[in-house]
Amino acid sequence: MASSGRQHIILFPFMSKGHTIPLLHFARLLLLRHNTAVTVFTTPKNRPFVANSLGGTGASIVTLPFPTPTGTDIPAGVESTDELPSISLFYKFANATEAMQPHFEHALQHTLPRPNFMVTDGFLWWTLQSATKFSVHRFVYYGMSCHSHSLSKEAVHSGILGGPQPNDELVELTRFPWIKICKEDFESEFRNIDPNSVAYQFNMKVISATIISYGMVVNSFYELEPVFVDFLNTEPSPKSWCVGPFCLAEQGSKIYPEPGVYSRLQTFFPFFNGRQIFIFQSQFYT
């Protein structure tokens with residue numbers, strides 16, 4: 001119960017290993033804290049990977065049905081991006097996750113004690129609606145560093161992606177003049193904007209939900225990229241909480257979390273002592 005001071009953390013991998021693995025490491029890191037429980041939500045075909053990764057821990061695993069996308073080229077039974085016949089189907093696959101929302105909300109409604117906040121992957125924009133419905137704070141998780149996030153944000157704000165220069169011409173970033181980037185550093189959907197495209201509409205939903213979320217959890221630490229952490233935290237966007245590196249708790253590792261990791265976790269958790277934590281995360285890269 002909340003009054004007991006027990007922390008309950010829930011993770012929900014989105015179905016791509018590149019983001020799933022770090023947050024499974026995060027689950028192990030959290031389980032090292034006293035009086036903390038972790039529950040992982042996943043889909044039927046992804047459950048074996050999650051169960052194997054968390055073997056030997058006290059983590060619980062809950063399986064929710066994954067929708068079979070209709071009217072797409074995605075074969076029935078595909079529940080992970082590494083199973084897609086082409087990565088060009090990613091946006092259709094990611095959009096299909098919205099059909100999981102009723103199952104997610106049913107789980108929220110029947111989970112006790114009542115959650116106080118959740119951490120969900122940025123691709124799962126619709127979880128913000130669920131969080132709002134149940135008056136729960138939503139934190140966002142992306143698989144990128146503050147450095148990468150800052151450069152992407154500055155490239156958009158400075159107009160570089162829509163500029164007249166050739167795609168391979170390096171351009172100095174205004175906020176970070178020691179760094180130069182070119183259009184080819186970004187995927188084509190960010191360089192050739194089409195408001196009617198599936199990619200544009202998906203990215204707008206993701207960005208809009210991120211902007212009004214409660215905060216962002218980052219697999220990094222302040223001393224590694226202080227300039228970029230400060231940049232993100234002075235801009236009108238969710239505060240970035242650097243509580244990594246998660247991999248220090250990897251199974252079988254001889255490296256154990258040094259005091260700095262616990263210190264960073266403590267800066268994140270005091271606001272929610274004795275409450276329940278939800279981490280619902282999404283994976284893209286394989």
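1. In strand β2, the bridge partner of histidine 8 is alanine 37, and this contact belongs to the pairing of β1 with β2 (residues 36–42), which runs in the parallel sense over 5 bridges. Two strands are taken to pair if DSSP finds at least two bridges between them, while helices (H or I, at least four residues) and strands (E, at least two) are DSSP runs numbered from the N terminus. The model is a predicted one, in which local features need pLDDT of at least 70 and side-chain atom pairs count only at pLDDT 80 or more, whereas totals for chains, interfaces and linings use all residues. Residues are numbered from 1 along each chain as its sequence is written, and side-chain values use heavy atoms, with hydrogens and water left out.

2. Strand β1 (residues 7–11) is largely enclosed by the rest of the structure, because 5 of its 5 residues are buried; here buried means under 20% relative accessible area, exposed means over 50%, and partly exposed lies in between (1.4 Å probe, protein chains only). Gln7, Ile9 and Leu11 point one way from β1, with His8 and Ile10 pointing the other way, and all are buried. Together with helix α1 (residues 17–31), the strands β1 and β2 make a right-handed β-α-β unit, where right-handed means that, with the strands pointing away from the viewer, the path from the first strand over the helix to the second runs clockwise.

3. For strand β4 (residues 117–121), 5 of the 5 residues are buried, so this strand too is largely enclosed by the rest of the structure. Both of its faces are covered, with Phe117, Val119 and Asp121 on one side and Met118 and Thr120 on the other. β4 pairs with strand β5 (residues 137–141) in the parallel sense over 5 bridges, and threonine 120 stands opposite valine 140 in β5. The chain crosses from β4 through α5 to β5, and this β-α-β crossover is right-handed.

4. Helix α5 (residues 127–133) contains glutamine 129, which counts as partly exposed because its relative accessibility is 43%. Glutamine 129 and alanine 209 are 80 residues apart in sequence, and their C-alpha atoms are 8.7 Å apart in space.

5. How many salt bridges does a search of the whole structure find? The search finds 3, a salt bridge being a side-chain nitrogen of Lys or Arg within 4 Å of a carboxyl oxygen of Asp or Glu. In one of them the side chains of aspartate 82 and lysine 17 meet at 3.6 Å, N to O; aspartate 82 lies in the loop between β3 (60–63) and α3 and lysine 17 in helix α1, so the pair ties together parts that are 65 residues apart in sequence. Lysine 17 also lies over the face of phenylalanine 49, at 5.1 Å from the ring centre, the criterion being that NZ of Lys or CZ of Arg is within 6 Å of the ring centre and within 35 degrees of the ring normal.

6. Lysine 133 forms a salt bridge with glutamate 105, the closest N and O atoms being 2.9 Å apart. Since lysine 133 lies in helix α5 and glutamate 105 in helix α4 (residues 101–110), the pair ties together parts that are 28 residues apart in sequence. Lysine 133 is exposed, with a relative accessible area of 56%, whereas glutamate 105 is buried, with a relative accessible area of 11%.

7. Turning to the rings, a search of the whole structure finds 17 aromatic pairs; rings of Phe, Tyr and Trp (its six-membered ring) pair if their centres lie within 6.5 Å, and planes under 30 degrees apart count as stacked, over 60 as edge-to-face and the rest as tilted. Tyrosine 91 and phenylalanine 202 form an edge-to-face pair, at 5.5 Å centre to centre and with 65 degrees between the planes. This pair links distant parts of the chain, with tyrosine 91 in helix α3 (residues 90–96) and phenylalanine 202 in helix α8 (residues 198–211), 111 residues apart. Both tyrosine 91 and phenylalanine 202 are buried, and they belong to one aromatic cluster whose members include Phe14, Phe66 and Trp125.

8. Phenylalanine 176 and phenylalanine 228 form a tilted aromatic pair, at 5.1 Å centre to centre and with 50 degrees between the planes. Phenylalanine 176 counts as buried at 2% relative accessibility, and phenylalanine 228 counts as buried at 9%.
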